[in-house]
Amino acid sequence: MKNIAIVGLGFVGLTLAVVSAKKGYKVHGIEINNKVIESLNAGKADFHEEGINESIRSVLGSQLTVSKDLNSLDPKTIDCVIITVGTPLNEEKEINTNYILSALDSIKPIYNGDQLIILRSTVSVGLTREIVVPYLAKMVSIQKSQVKIAFCPERTIEGNAINELEMLPQIIGALNNESYNLAEEFFRKITPTILQVDSLEAAELVKLFNNAYRDVEFSVGNYFNHIAQSFGIDGVKLIKVANYLYPRSRIALPGLVGGPCLEKDSYILVDKMPSDKGKNFILGARKHNESIDKDIAEWIINISREKSYKNIGISGLAFKGKPDTSDLRGSPSLNIVKLLEDSGINDISVHDFLVPNSELSVYGRVFNDFKSFANGLELLVILTNNNRYKLLNIKDLEDIMSTNSAIFDAWGVLEKNYDSKIKIATCGNMFLNN
């Protein structure tokens, strides 16, 4: 196997394309977004990922080519097609298959039934067998059992994907033995550990289990935080004490939970579950995590009305802070901004260390420099746990923020070594401070 095509050059597709090219594969990347193609041809990803731009420039034009379609390629030269397009939810919280079907249509110019198809998009259990396999079989008039297809879930974390692709075990669920052998041959060059599961459905479920587990794990911290505060106790401080040097306690710190995977994968998991057993548990965790957005928005609204705050700034609009990302997809911070706007608070300053100004500007006045952003603020809201916040000095903020000001530091990332004049709240005590 030497030549592969990757359909969709977002976070999942581009990171795999770059790593595959560096491992010696000839990679043809397919992307319909002109902005993404222009950025790649300039040697840059359209998102932040540690080390990716250097990697793109090292393979672009030699091992990696980028285009809008596959029309110029000879079908005989492509050994494998990998589909990595997104799978958003519709209004009913069900998976939207349109992107996958469009991706399948896009490979018609080169697909002849001989190539291995790898589906790497997150899907509901059974979708590969029930929708993708028949679609491919009909496309080239072969039996469904003859389709060469494997489901190989992507499980990397944004911000460290280049490294994780070469370290994490690769899961392979295949329709038949030939499909498995081909998929193993491809991934053997990329990662040292291959894990075979019994079916396409098992591989689909692994990804959903991984992300739903994280969602539930985070919800436990958020539930416990609420319980602690119902007793008048700071939840963050209590959880840190419970975890400290105690090997059987790893309670997650409370905070915002979102992103392009966690916001939807619990819904995708329950979509095709054959019984209701477990659905309430999974969805209860997801909905509780979603409720944190509203809790924080209400805290901001209440203190703004109580103190007559007008000059409000929100920092940290990407969906997470560790590892660094510029990704706004599924960002709880954006939900909070929307809730504030709905309440009548729409004159907001915004800041993020990595999100481009062009993407931030639709949410408020944009500042590149944090100190310029914080200057004169009556209420500063920090919504991610980016390590850069630890470089800020509370005393400096006291000097530049308005008098009688307040800070909501969702994750408690600001270093605070003395009694500050600024009122500071976190997720751990926000109900105690209302």
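Me: In this predicted model, buried means under 20% relative accessible area. Is F11 buried or exposed?
Reply: The cut-off for a buried residue is under 20% relative accessible area. F11 has 10% relative accessibility, so F11 counts as buried.

Me: Which kind of aromatic pair do F11 and F47 form?
Reply: A search of the whole structure finds nine aromatic pairs. In the pair of F11 and F47, the centres are 6.1 Å apart and the planes stand at 70°. Planes over 60 degrees apart count as edge-to-face. The pair of F11 and F47 is therefore edge-to-face.

Me: How many residues apart are F11 and F47?
Reply: F11 belongs to helix 1 (residues 11-22). F47 sits in the loop between helix 2 (34-41) and helix 3 (52-59), and F47 is buried at a relative accessible area of 17%. The pair links distant parts of the chain, 36 residues apart.

Me: Which loop holds Y389?
Reply: F353 lies in the loop between strand 10 (348-351) and helix 13 (357-360). Its partner is 36 residues away in sequence, so the pair ties together separate parts of the chain. Y389 is in the loop between strand 12 (379-382) and helix 15 (394-400).

Me: What is the relative accessible area of T191?
Reply: T191 is found in the loop between helix 7 (177-188) and strand 8 (194-196). Beyond residues up to four places away in sequence, T191 touches L165, E166, M167, L168, P169 and Q170. T191 counts as buried because its relative accessible area is 3%.

Me: What radius of gyration does the protein chain have?
Reply: The protein chain contains 15 helices and 14 strands. For 434 residues the globule rule gives 22 Å, and the computed value is close to that, so the chain is as compact as a globular protein of that length. The radius of gyration is 24 Å.

Conventions: Residues are numbered from 1 along each chain as its sequence is written. This is a predicted model: local features need pLDDT of at least 70, side-chain atom pairs count only at pLDDT 80 or more; totals for chains, interfaces and linings use all residues. Side-chain values use heavy atoms; hydrogens and water are left out. Helices (H or I, at least four residues) and strands (E, at least two) are DSSP runs, numbered from the N terminus. The radius of gyration is taken over C-alpha atoms; the globule rule is 2.2 Å times the number of residues to the power 0.38. Buried means under 20% relative accessible area, exposed over 50%, partly exposed in between (1.4 Å probe, protein chains only). Contact means heavy atoms within 4.5 Å. Rings of Phe, Tyr and Trp (its six-membered ring) pair if their centres lie within 6.5 Å; planes under 30 degrees apart count as stacked, over 60 as edge-to-face and the rest as tilted.
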